[in-house]
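Good morning, and thank you for making the time.

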Amino acid sequence: MAQDLFEAPDYYQLDELLTEEHKLVRDAAREWVKREVSPIIEQAAQDAKFPISIVKGLASIGAFGPYIPEEYGGAGLDQMSYGLIMQEIERGDSGVRSTASVQSSLVMYPIWKYGNEEQRKKYLPKLANGEYLGCFGLTEPDFGSNPGGMVTNIKDMGDYYLLNGAKMWISNAPFADIAVVWAKNEEGRIKGIIVERGMEGFSTPETHNKWSLRASATGELIFDNVKVPKENLLPNKDGLGAPLGCLDSARYGIAWGAIGAAMDCYDTALRYSKERIQFGKPIASFQLQQKKLAEMITEITKAQLLTWRLGTLRNEGRATAAQISMAKRNNVEMALKIAREARQILGAMGITGEYSIMRHMMNLESVVTYEGTHDIHLLITGFDITGIPAFK
């Protein structure tokens, strides 16, 4: 079992911009990943199985709802801390970060922001400590980039709502205890509703044969005349803006997480280049390898500055959805390019499970299109600067 020798790059001394609490939170997550994730993650990816044993550990480092107030079981941290935790977890694996992102931004966030006090007290503490795991039902087989076209629906039956439809590509679905589901009512208005495992007509078949996010569980949500109690409806926000608000939080976490994957690929390639001898000297001494490494650290540093500023704006309540889209798109593309370049530095060894690079590369092929595709995020920026929507 390979030892995790990761050393985080900080070319512009960005640690000086962080508070002591930020660094303590980040370092705790980093050490936990080294101790609990790195030793098992390659085998989990090979087996295409989510390592359920790490759930309590994720809870212990505050990965589930880190910004949720302490009165509801959260850690009461700020947005910078949330980003740093996601960075460290994705340094370990994108699939593990996906589990934490979904739990935090797509399940706990809407219950906290859009739910009532009874719902917050009932669900949030158990989600924060890992007793419950959740998933987020928005994407449908025929509606991905256009979620407003969803056909999943609820009907008011007097004492309960009757839910019908299906969701697809849902992280955590196979083992989720609850699902925050978005469906249209009789008037065509999008509503959020909490569906619990065990409700008759609710099933979660797993998606198999994935080449990406293999250590993350993905599945469908099937609703066949599911009777959902009326008290499970999220009362404080509806319309498409409600799920999109959750996605803003998730995309923010992804922008940080992608840096973690990139840092891991860079650190691996840098260390390997100093140890690999060809033509009588380390390959790190050759110009083309130095070009690759220099470009990697440059792009990582730019992404770090981008997310630090975005985190500052999020803490101040001033970050826009378009700004978050820009960071998500830029940073995932950056990480993908670095993974590919790092793989080349390692040559044939780069495709093996002895190193993390190929796993990161495959994972990032999902990250680049989920929570809004690469192209959609580009068009969000285009809409923001021109005022003209190109995706409608």
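I shall speak about several helices, and then about some individual residues.

Please bear in mind throughout that this is a predicted model.

I begin with helix α6, which covers residues 241–275. How far apart are the end C-alpha atoms of α6? They lie 51 Å apart, and this agrees with the 51 Å that its 35 residues should span at 1.5 Å a residue. Of those 35 residues, 29 are buried, so α6 is largely enclosed by the rest of the structure.

One partner of α6 is helix α4, residues 94–114. The two helices pack at an angle of about 145 degrees, and their axes are 9 Å apart. The crossing of α4 past α6 is right-handed. On the α4 side, the residues in contact are R97, S105, L106, Y109, P110 and Y114. They meet a set of residues in α6 that includes G241, A242, G245, C246 and L247, and also S249, A250, I254 and G257. Sorted by class, this contact has nine nonpolar residues, five polar and one charged.

Let me now turn to the loop between α3 and α4, where D93 is found. Is D93 buried or exposed? Its relative accessible area is 1%, below the 20% limit, so D93 is buried. The side chain of D93 reaches the backbone nitrogen of G95 at 2.8 Å. Leaving aside residues up to four places away in sequence, D93 touches I41, A215, R359 and N363.

Next comes helix α10, residues 374–386. From first C-alpha to last, its 13 residues reach 19 Å, close to the 18 Å expected at 1.5 Å a residue. Which residues of α10 are buried? They are H374, I376, H377, I380 and T381. What covers the buried residues of α10 includes α6, the helix with which I began, and α8. Just after α10, G387 takes a positive phi of about 80 degrees.

Helix α8 spans residues 321–346, and A339 is found in it. At 0% relative accessibility, A339 counts as buried. Setting aside residues up to four places away in sequence, A339 touches C265, I357, M361 and L364. By contrast, A339 and G317 are 22 residues apart in sequence but 33 Å apart in space, C-alpha to C-alpha.

Beyond residues up to four places away in sequence, H22 touches D78, M80, S81 and L84.

Q13 has a phi of about 50 degrees and sits in the segment before α1. At 44% relative accessibility, Q13 counts as partly exposed. N209 has a phi near 65 degrees and lies in the loop between β6 and β7. At 76% relative accessibility, N209 counts as exposed.

To close, I return to α6: it packs with α4, and it is among the elements that cover the buried residues of α10. Thank you for your attention.

How values were computed. Residues are numbered from 1 along each chain as its sequence is written. This is a predicted model: local features need pLDDT of at least 70, side-chain atom pairs count only at pLDDT 80 or more; totals for chains, interfaces and linings use all residues. Side-chain values use heavy atoms; hydrogens and water are left out. Axes are lines fitted to C-alpha atoms, for helices over the stretch in contact, and angles run from 0 to 180 degrees between N-to-C directions. Helices (H or I, at least four residues) and strands (E, at least two) are DSSP runs, numbered from the N terminus. A crossing is left-handed if the near helix is turned anticlockwise from the far one by less than a right angle, and right-handed if clockwise. Contact means heavy atoms within 4.5 Å. Ala, Val, Leu, Ile, Met, Phe, Trp, Tyr, Cys and Pro count as nonpolar, Asp, Glu, Lys and Arg as charged, and the others, Gly among them, as polar. The expected span of a helix is 1.5 Å times one less than its number of residues. Buried means under 20% relative accessible area, exposed over 50%, partly exposed in between (1.4 Å probe, protein chains only). A polar contact is a pair of N or O atoms within 3.5 Å; within protein, one must be able to donate a hydrogen and the other to accept it, and residues adjacent in sequence count only if both atoms are side-chain atoms.
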